[in-house]
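Please consult the display below while reading.

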Amino acid sequence: MSKFTILMYHIVSAPKSLQEKRYACPPERLYKHMKHLRKNGYNIISLDDMLHSITNKINLPEKTVVITLDDGFGDNFENAFPVFQEFGIPATIFLASGLMGKTNVWMHNNGFPQRTMLTWEQIREMHDQGILFGAHTVTHTKLPEISPTEMLTELVDSKKQIEDNLGVGVQHFAYPYGLFDDAVRATTVKAEFKTACSTRSGFNNSSADLFSLRRLEIYGTDSVRALMQKITFGVNDSNISFPVKYYMNRLKERLR
Ligand SMILES: [Zn+2]
């Protein structure tokens, strides 16, 4: 059975505030993460490759990893794209499509520093160089909190905006804030997406629900050791004491 791990990043830039530290991965850190994965033989594939393998029952090699970035921050072009090019990484960026060329209003309204989002020109350039784009609604809204009609519009319009700008089909979606329920999931299927990423931690395998894919959140503060701990155990806990707790619990279970 194929197992694969999806990593999630957001901002790729030095954090501008304490609150941002978790979401802002400095470029040098992303470089170290990607270099480590490449040097250690990780099979880094795109979400399209993952979908192709799962639907055609093709076994994925061990150590298969998918890299995703949420929201579509402008720094992804300046800081992350060069890293992905250097290491030949087919990352996927989920776009809050209506905010492209604008700012991160949904965060700024909650006290986060203001940041600019990608422009469609930058998105097209990255697309031409092998970066994949998925949808993340139009306005970065909390899907379970809006009406069924609004929900469908957010999903269909974000897909269409990206398709119109890139001239290719968009198959992948990521739930803003990781928020979804049965109605949101059903609407995502109805909007003709083929997969949807959640923010639930853990590994995925070939029998995983393609509309609630698990992802590991890589914090801006995560060292290479922390990254590897997350990938090894399938958890978001990057605390150095985690492995000890993990093996102690396993030992206790065995002794029970
Ligand atoms: Zn988001």
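The sections that follow treat the basis of the model, strands, a helix, the core and loops.

## Basis of the model

The structure is a predicted model, in which local features need pLDDT of at least 70, side-chain atom pairs count only at pLDDT 80 or more, and totals for chains, interfaces and linings use all residues. Residues are numbered from 1 along each chain as its sequence is written.

Helices (H or I, at least four residues) and strands (E, at least two) are DSSP runs, numbered from the N terminus. A residue is buried if 20 or more other C-beta atoms lie within 10 Å of its own, exposed if 12 or fewer, and partly exposed in between, the C-beta atoms being placed from the backbone.

Strand E4 (residues 92–95) pairs with two strands. Strand E3 (residues 64–71) and E4 run in the parallel sense over four bridges, where pairing requires that DSSP find at least two bridges between the strands. Leu95 of E4 is the bridge partner of Asp71. Between E3 and E4 the chain passes through helix H3 (residues 75–86), and this β-α-β crossover is right-handed; that is, with the strands pointing away from the viewer, the path from the first strand over the helix to the second runs clockwise.

E4 also pairs with strand E5 (residues 132–135), again in the parallel sense and over four bridges. Here Phe94 has Gly134 as its bridge partner, and Ile93 has Phe133. Both faces of E4 are covered: Thr92 and Phe94 on one side, and Ile93 and Leu95 on the other, are all buried. E5 is likewise covered on both faces, with Leu132 and Gly134 buried on one side and Phe133 and Ala135 on the other.

## Helix H3

The 12 residues of H3 should span 16 Å at 1.5 Å a residue, and the end C-alpha atoms are 17 Å apart, which agrees; the expected span is 1.5 Å times one less than the number of residues. The buried residues of H3 are Asp75, Asn76, Phe77, Asn79, Ala80, Phe81 and Phe84. They pack against helix H1 (27–39), E3, E4 and helix H5 (120–128). After H3 comes Gly88, with a positive phi near 60 degrees.

In soluble globular proteins, nonpolar side chains tend to be buried together. The largest nonpolar core has 61 residues, and Leu95, Ile131 and Phe133 have the most contacts inside it. Strand E1 (residues 3–9) gives the most to this core, with five residues. Such a core is a set of buried Ala, Val, Leu, Ile, Met, Phe, Trp, Tyr and Cys residues joined through C-beta atoms within 7 Å.

Leaving aside neighbours within four places in sequence, Ile131 is in contact (C-beta atoms, placed from the backbone, within 7 Å) with Phe81, Phe84, Ala91, Ile93 and Met126.

## Loop residues

Most residues other than glycine have a negative phi. Lys57, in the loop between helix H2 (47–55) and E3, has a positive phi near 55 degrees. Lys57 counts as exposed because it has 8 C-beta neighbours inside 10 Å. Tyr177, between strand E6 (172–174) and helix H7 (182–190), has a positive phi near 60 degrees. With 13 other C-beta atoms within 10 Å, Tyr177 is partly exposed.

Ser241 lies in the loop between helix H8 (224–233) and helix H9 (242–255). Ser241 has 9 C-beta neighbours inside 10 Å and therefore counts as exposed.

Conventions: Contact = placed C-beta atoms within 7 Å.
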